[in-house]
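Please look through the structure shown below with the sequence beside it, and then follow the report one region at a time.

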Amino acid sequence: MIPTCVLAQEKGKPAEIPAYVAKPEREPGYPLKQNRMIYTEKDVQVALNNIQHYVKAGNIRDGIVQEANQWLGWKDEDLRSLLTDAVVPRAFDLNPLGCPQHGDAVFKKGGTYPWIIDPREPFKVKCPVGGETYPSNDYGAYYKSGFTQKKGWDGDYTDSGWGWIAPDGERYWFVAYANHWLWKSYIEPAILNLGRAYLLTGDKRYAHKAAVMLYRLAEVYPSMDHANQSRYGYILKQQGGVYNGKIFNLIWETGFIQNIAEAYDAVWDSIDDDVALQKLYGKSGRQIRAAVEANVLEEAVDAYQEFKIQGNYGMHQAALLYVLLARQFMETGKYIHKMVDEPGVSRVQTGIRYALYNMIFRDGTPLESPGYNILTVEKLAVLGALLKRAGKDLFGETRMRMMFESPLQMVVAKKYTPDIGDSGSTLGGIVGLNSNIYQVAYENYGTSEFLNWLKFMDKTGDNSFNSYQSLFRHVIKDTLREKIALAPENTRLLAGYGMGILNNKNDNIGVSFNYGYKGTHYHWDFLNVELFANGQKMMPDLGYPDAMNEFVKEVYTWSTNTVSHSTVVVDAQEQYLNTAGNLHSFSDGTFARSMDASTLPYGQVSEYRRNVVMVDADTGRSYFVDFFRVTGGHQHDYSLHGPPGTEKAIQGKWSGIQPGTFAGPDIKPGEIYDNQKMNAPGYTGSYGSYRGSGYQHLFNVQQLKSNYSVTEFAHINDSSARLRIHVLPDKEQRVFKADAFNKPRAKDYIIKYLLVQGKSAGEQDTLKSIFTSVWEPFAAVPFISHLEKLPIRGGDARAVKISRDHFVEIVINDTGNAVKYIPALDIETDATTAVVTLGAGKKLHRVYYTNGTFLKWKNRVFRSSVVEGIISAVDVKNNTISIMPGRPVTDAAKYEQQIVHVYNTYRKTVHPVAIAEYRNGILKIKTSDDLLIGRLTADSIDNRKIYTETTLPFAALYKGATLLDAGFQPQGVITRLTEDGEIETTGKLTIRKGNDLWISNVGTGEKIIIHPMFSWVEK
């Protein structure tokens, strides 16, 4: 039973069209360019040599020429008219509902931007489902007549440019959508490919056609104003907001102007000799060049300063550098200094040397979702290569190299990047398979790590050439064997980003666990997990939403909402607090590994903590035990789901399908039942502030009528890739299952959800829940035969007994180090996490525990010791910490790959240990990640207070961190940091106004503790 969902609507009143303001033509403010700068003559010779000697390089040239050739057949006048005036609106989305006749079926058929555009019919869109075209009137004739001739305006779907309003009030932006995608899908690539074809062939026919379009662009570009000439600008104006840009929104404009700058830099030298071009426009070559350089390139620099060209970090910086190089004589040195070495006036315009520490976590991961982070990596690779020519070497920065390494560190099971936030898809894949990035990284670092990554992509030797940019690099010599598989990774922790990856030794089964503070493009999914096994995502994050704008309600009511993820919803509302998580333990044993983390994403909770334990059955099979604890609020809903594919109940008796949705029997799918304002007829506002449950997207609801359930999933891509989710509810908890679409608009897949619900007895009672489940991935044949909870004494412990093959495992969880005892098996421990394996005849076979000092089984006792001490010295340049331990340390190397906990009065933090040595009473630890976590300028100083105008996106993490001067000498511990940049410290400041300062994650005098991890297997 698949329902028809209530989708987001875009109600329209008669358009209050913003007044069109034409900007006058501008004159050049600087001498005209004299040289090609982006790809110099030397670069071009490298490319031509590669094309001559390598087949793949020649294929790239041929593909560009083929794309450019389609424009040679166009008349100059037609090409010129293709670039519309600024008065014609633009819209990247036509309507959230889809098609007037076929509804949201267009998204299923054609994706997020489904409509078909033809440059020969520039103001028409074709429906991908029915093939009909819109609008019914001839907007082209209207436009060409100066907006006087109205042909066909008595039709059913007349669009004046500002949309057709349907009888129900919906506004459909046919003309604006067609115009936007004409620019994006045809005009922009046409100019770029024509410029590239000329550079690689020397054929001036390509340069001529590019120049025809570039001069026309110079005529229309200054007056382009996205905020007043677009659908999105129009909608935001109705809400009292603004969305800047030029032709496109400010983010997409970065790529557009970068491509235009590259094309002009390629063809500028042909313009003075192009008689036909000069005749077409009645201008001399110099006048044409002056017009482009002033009205496109200089205009773009002004737009950059006005925040009309601004994307994710690195996007607008790369665009600006391309524009400056193409313009050549426009105070390039001044802008480069600001781009690299100044703190900047906002987060997005932070200087790169500051951004490396203020916008990239200490493990090298940028602050966004993986899919957006790779854009930052890509753009900084481009910038680094170009800036190196100008004498600015960013590759010497430690954090720069770590940034290149971060996508590699995130790969799970050698096939997937966790889809945290706005990233990836339900089926998943690897983020970072970009040879342009890693050719730059390999050229500058020369390490086998980056070479192996290129080999994994099969992008060395002749295959080095797979993009236009690669033509201008020297071939990556094939020093290794042919295309390789990724080597297995160890269980690893990205402690800055706040993500752990648990995996078996073969690295083909793993789970990612996300607990950290979030930057941008995140979802409300604290303590979310994804499970990877059998070559598939078996408990997948659903990935990037249907759309990415605040007027598509499904984005906020489902895709970014807590319930769509594998975590716990409190009080039927989305998580709403973005706080730094706390990692309690993280360890990897020979056969088991564990991660225990907490956070407080709700104001009403005092505990929100998850412990995932991974246990290997053998080298190719593993399972997971999940303990999720929540205290506070009155309702807790533990949400899990399997992959797209098939699902069946193996154990457990279920009710029939209930009416309505998980929100209630009378609530329709998609209906916003928990926000009256947003659910009101005619609502046209943003959905970005929705904080409801999202339960209206869960349909086909059934309730478990027995005490225990096993649900089996088979993956849609491989029916032998299976997962069993064993739910072990407490007696007061209710269990449900329900269906949901991964994307409510596109409806790619139906996902089966399991929900375990706890409710308090009364409104005055605080609810405490412990949710327990076991996740069993397998290939065709399951291996767990029985599960049960075991009675356990002491602490707040839980114990689960898992029977499999000829073995029995006991998995223990607690939040503290109280002694716990299982009478039935005579097991005793003070560890927060433990696994005991018994073989035939209940003979002890394996022992693992973490965050404890002993485990006793009958008369056998296994012991380990805690390391505690005080930090005596910190070397932030080399990421080393010197510790005076409370007692001598034996075999310090055993603490490598463990984590060190550091704490003071104000905070707790952790670092992964790379190297540990004990000499002369000092334990010296080298961390795997960076100790520096911020950089700023002191704009004013008052006693123990500093005021800084430097934007600090990680400010919420800095309380308790150590402030350092430019020479890395301590200036005290940060005790307070306000939103307006006021910093208070414990120390006496010895710095001056204008000094650079650093922030260290650890400081001398702080306490450390290394919790032991013990692992033993019977020989």
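## A helix and what covers it

Which residues of helix α19 (residues 448-456) are buried? In this model, which is a predicted one, the buried residues of α19 are Phe450, Leu451, Trp453, Leu454, Lys455 and Phe456. A residue counts as buried when its relative accessible area is under 20%, and the elements that cover the buried residues of this helix include α17 (398-409) and α18 (435-445). Just after α19 comes Asp458, whose phi is positive, at about 60 degrees.

An α-helix has 3.6 residues a turn, so residues three or four places apart point the same way.

Ile64 belongs to helix α2, which spans residues 55-69. Its relative accessibility is 7%, and because the cut-off for a buried residue is under 20%, Ile64 counts as buried. Once its neighbours within four places in sequence are left aside, Ile64 is in contact with Asn193, Arg196, Ala197, Leu200 and Tyr468. For Ile64 and Gln702, which are 638 residues apart along the chain, the separation between C-alpha atoms is 55 Å.

## An open sheet of four strands

Another part of the model is an open sheet of four strands, in the order β28-β29-β32-β33, where the pairing is antiparallel. Why is one side of β28 and of β33 left without a neighbour in the sheet? Strands β28 (820-822) and β33 (860-863) stand at the edges and each has a single partner strand, so one side of each has no neighbour there. From one strand to the next, the twist averages 10 degrees.

Inside this sheet, strand β29 (residues 827-829) is joined by three bridges to strand β32 (residues 854-857), and the two run antiparallel. Thr829 is the residue that stands opposite Leu855 in β32.

## Loops and backbone angles

Leu527, in the loop between β8 (510-514) and β9 (528-533), has a positive phi near 65 degrees, and Leu527 is buried, with a relative accessible area of 0%. Asp571, in the loop between β11 (568-570) and β12 (582-588), has a positive phi near 55 degrees, but at 23% relative accessibility Asp571 counts as partly exposed.

A further loop, between β3 (133-134) and α5 (139-144), holds Pro135, and the peptide bond from Tyr134 to Pro135 is cis, with omega near -5 degrees. Leu957 lies in the loop between β41 (945-947) and β42 (962-964). Apart from its neighbours within four places in sequence, Leu957 is in contact with Phe361, Tyr517, Ala580 and Arg907; Leu957 and Arg907 are 50 residues apart in sequence, while their C-alpha atoms are 9.0 Å apart in space.

## Pocket and cavities

The largest pocket has a volume of about 1,100 Å³, and of the 45 residues that line it, Tyr372, Asp422, His521, Tyr544 and Met548 lie nearest its centre. The elements that give two or more residues to this lining are α4 (105-110), α9 (231-238), α16 (370-389) and α20 (553-559). By class, the lining of the largest pocket has 23 nonpolar, twelve polar and ten charged residues.

The structure also holds twelve cavities of 30 Å³ or more, and the largest cavity contains about 100 Å³ of space. Its lining comprises 15 residues, of which Glu368, Ile420, Tyr497, Lys518 and Tyr522 lie nearest the centre, and this lining divides into six nonpolar, seven polar and two charged residues.

How values were computed:
Residues numbered from 1 in each chain as written. Predicted model: local features only at pLDDT ≥ 70, side-chain atom pairs only at ≥ 80, totals over all residues. Heavy atoms only, no water. 1 Å grid on protein atoms, 1.4 Å probe; cavity = no way out; pocket = protein on both sides within 12 Å on 5 of 7 lines; lining within 4 Å. Points joined across faces, edges and corners; volume = space filled by probe spheres on them. Nonpolar A, V, L, I, M, F, W, Y, C, P; charged D, E, K, R; others polar. Contact = heavy atoms within 4.5 Å. Pairing = 2+ DSSP bridges. Axes fitted to C-alpha atoms, helices over the stretch in contact; angles between N-to-C directions. Buried < 20%, exposed > 50% of the residue type's maximum accessible area, 1.4 Å probe, protein only.
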